Amino acid sequence: MRTGLRTGFAATAALAAAVALYVSATLPRPAISLEGRAPSNHIAGVYHVHTSRSDGTGTVDAVAMAASRAGLQFVILTDHGDGTRVPDPPAYVHGVLTIDALEVNTREGHIVVIGLDAAAPYPLAGLAADVIEDVHRMGGIAILAHPDSPRAELSWRGETTLDADGIEWINADSEWRDESALRLMKAASSALIRPPEAIASMFSRPVRSFQRWDRASRARATVGLAAVDAHANIPWREQEEPRQSSGFEHPSYETMFQTLVQTVVSDRPLTGDAVVDAAAVIGALRAGRTYATIRAQAWPSTLVFEAEREERRYVMGDRLDASTATVAFTARVPGAPGSQVTLLRNGQPHRTGQGTLIVPDASIPGVYRVEVRLPETDVPWIVSNAITIEGDMGGPFGGRGGGRGGGRGEGPPATAGVVQPHPVAPDVSRWALEQDPSSAGTVRADEGRVRFDYRLGSGIPRGQYAAIAYAPDVDAGIETVNFTASASAPVRVSIQIRLPAGHGSSAQRWRKSIYVDETPRPFVLRLQDFEPADRPTVRRPIVTPLQSLLVVMDTVNSRPGATGTVWLSGMALGVNRLE
Ligand SMILES: [Zn+2]
Ligand SMILES: [Zn+2]
């Protein structure tokens, strides 16, 4: 018995010694402490943090305390939500500016929304393009979160050419998910001694996300951000977001805040007034005046990246008009003379220098940004935002096409010349009500308009809906649905079409969500912009006969129990007479 115990003890001690030896032999390099400090208008903080209001483990107070201990000046809180919670006003907590933002789950992936100062009038959800449209209407910015997460349900499933304002080029919570068990164990063991370095040891250069970002930046200004995505809550298993509490509060907020930092370059230092300072930080993020640092490699960091043309100075986020005049780029990393500074054009290395890089003679159009690397590292230590020279950049995403306002859905139809609207009879008796058993509605005439009053069933969202349906007596192919709509309050209405059952297939439903409020607005919806409501497919109806046209209120963008009124007038179906 005693011998057995002793043998067990000896074996444990030997194992512990072996682990200690292994850990010390494989420890990641400690973060380099640099001399000096960043200028006072370079404001260091963290972006993308979850608190206990969603699936993080720390309160806002605890998160701010951790940021304060990590020497940071701001924290952008991004709890999961649909925008219907009133955001907390900016505040200084333990000397750290807390900015309340959120992370929205869209059909194609997660989007971080920053800069809303009021609650959304209805849940933000559905197609990413619709959520982004809502965010822009409300004055906020939308960032594609962890677009290349190794987990399919967290990665970006839509186009990158959306009107998003930014993209996460790295997400610390996604980086470890594709590591081997051996590398994870190695990181876990070294995390006992150097936690931030252990986390950063799992980062690899995110080639795909860089490509996405560089491609999006050619078409329009797109800010790139480094997300800590801190939860202080490691998920036990592969699980959905928001994740359940695992009871394992690691890696801690403070560890994450010592791993990855986002610095904004403001016009002036913070003032101590939370509202003024939050506007400055958000304004700098919106403008792309920001750079990221993997702090677990070296800290503190300062990057100065500027361009000059004809005696005018430009900073990160600026876009210069096409011109034949040359542009001089300067990139400096004061305090780290040994670092390798690379200017990239459209994602490809253009010029490289040591500590300081001056490129006096750039003139070719392109997206120019800087990556700074320390010796023997694959992941850049500092990543700037871009200064762009507009003009023909070549390639499928070149030029200035695809920019803001590039008509998704609501512009005139592409083939307007051959489409003739076929008016839908204003007779309300031809509209029929459809609803789930818990919801209710009425449809009636109201001063020449069709008036639809609805009330969705209450309780938890479980597919409640109320709709009015119209069966057109047009056999020809339809190309557009035209109408004018208004509502008693801001809502998203789902306009749907049901196509007749084909050979061996049941009737298909397609949908397009539109924003409607008190002001009557005309809509011309193209069938080719509708998306499948029943099952995913890449095919789209372009010209087709309709079985019915539906105006649907459902729990995608309305809360259970919601009531309201939608008015429609001037309804017409665009019929292609050449068919
Ligand atoms: Zn997410
Ligand atoms: Zn997140």
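This is a predicted model: local features need pLDDT of at least 70, side-chain atom pairs count only at pLDDT 80 or more; totals for chains, interfaces and linings use all residues.
I started at Asp554: a polar atom of its side chain sits 3.1 Å from the backbone nitrogen of Val556. I looked up the term: a polar contact is a pair of N or O atoms within 3.5 Å, where within protein one must be able to donate a hydrogen and the other to accept it, and residues adjacent in sequence count only if both atoms are side-chain atoms.

Residues are numbered from 1 along each chain as its sequence is written, chains are lettered from A and ligands numbered from 1 in the order in which they are written, and side-chain values use heavy atoms, with hydrogens and water left out.

**More on Asp554**

I found Asp554 in strand E33 (residues 548–554). Helices (H or I, at least four residues) and strands (E, at least two) are DSSP runs, numbered from the N terminus. Is Asp554 buried or exposed? Asp554 is buried, at 16% relative accessible area; the cut-offs are under 20% for buried, over 50% for exposed and partly exposed in between, with a 1.4 Å probe and protein chains only.

Next I listed what Asp554 touches, leaving aside neighbours within four places in sequence: Leu456, Gln464, Tyr465, Ser494 and Gln496. Contact means heavy atoms within 4.5 Å. I also checked Ala466, which is 88 residues from Asp554 in sequence but 6.6 Å away in space, C-alpha to C-alpha.

**The zinc ions**

Which residues hold the zinc ion (ligand 2)? I got His48 (NE2), His50 (NE2), Glu103 (OE) and Asp229 (OD) as its protein donors, at 2.1 to 2.3 Å. Donors are N, O and S atoms within 2.8 Å of the metal (3.2 Å for Na, K and Ca), and water is not among the atoms, so sites may look incomplete.

The angles among the four donor atoms of ligand 2 run from 79 to 167°, and the site is irregular.

I then turned to the zinc ion (ligand 1), which is coordinated by Glu103 (OE), His110 (ND1) and His146 (NE2) at 1.9 to 2.2 Å. The donors of ligand 1 are spaced E-x6-H-x35-H in sequence. His110 is buried, at 3%.

The two zinc ions are 3.5 Å apart, and Glu103 coordinates both. His50 is in the loop between strand E2 (42–49) and helix H2 (60–69), and Glu103 in strand E5 (residues 96–106), so this pair ties together parts 53 residues apart in sequence. I checked burial too: His50 is buried at 0% relative accessibility, and Glu103 is buried at 1%.

E17 (residues 340–345) pairs antiparallel with E18 (residues 348–354) over six bridges; pairing takes at least two DSSP bridges. Val341 has Gly353 as its bridge partner in E18. Two residues lie between the strands of this hairpin, where Asn346 has a positive phi near 50°.

E17 also runs antiparallel to E20 (residues 366–373), again with six bridges. Leu344 bridges to Arg369 in E20.

**Whole protein**

Last, I noted nine helices and 34 strands, and 52% of the 579 residues count as buried.

Terms used:
Four donors count as tetrahedral if all angles lie between 85 and 135 degrees; four count as square planar and six as octahedral if opposite donors are over 155 degrees apart and all others between 65 and 115; anything else is irregular.
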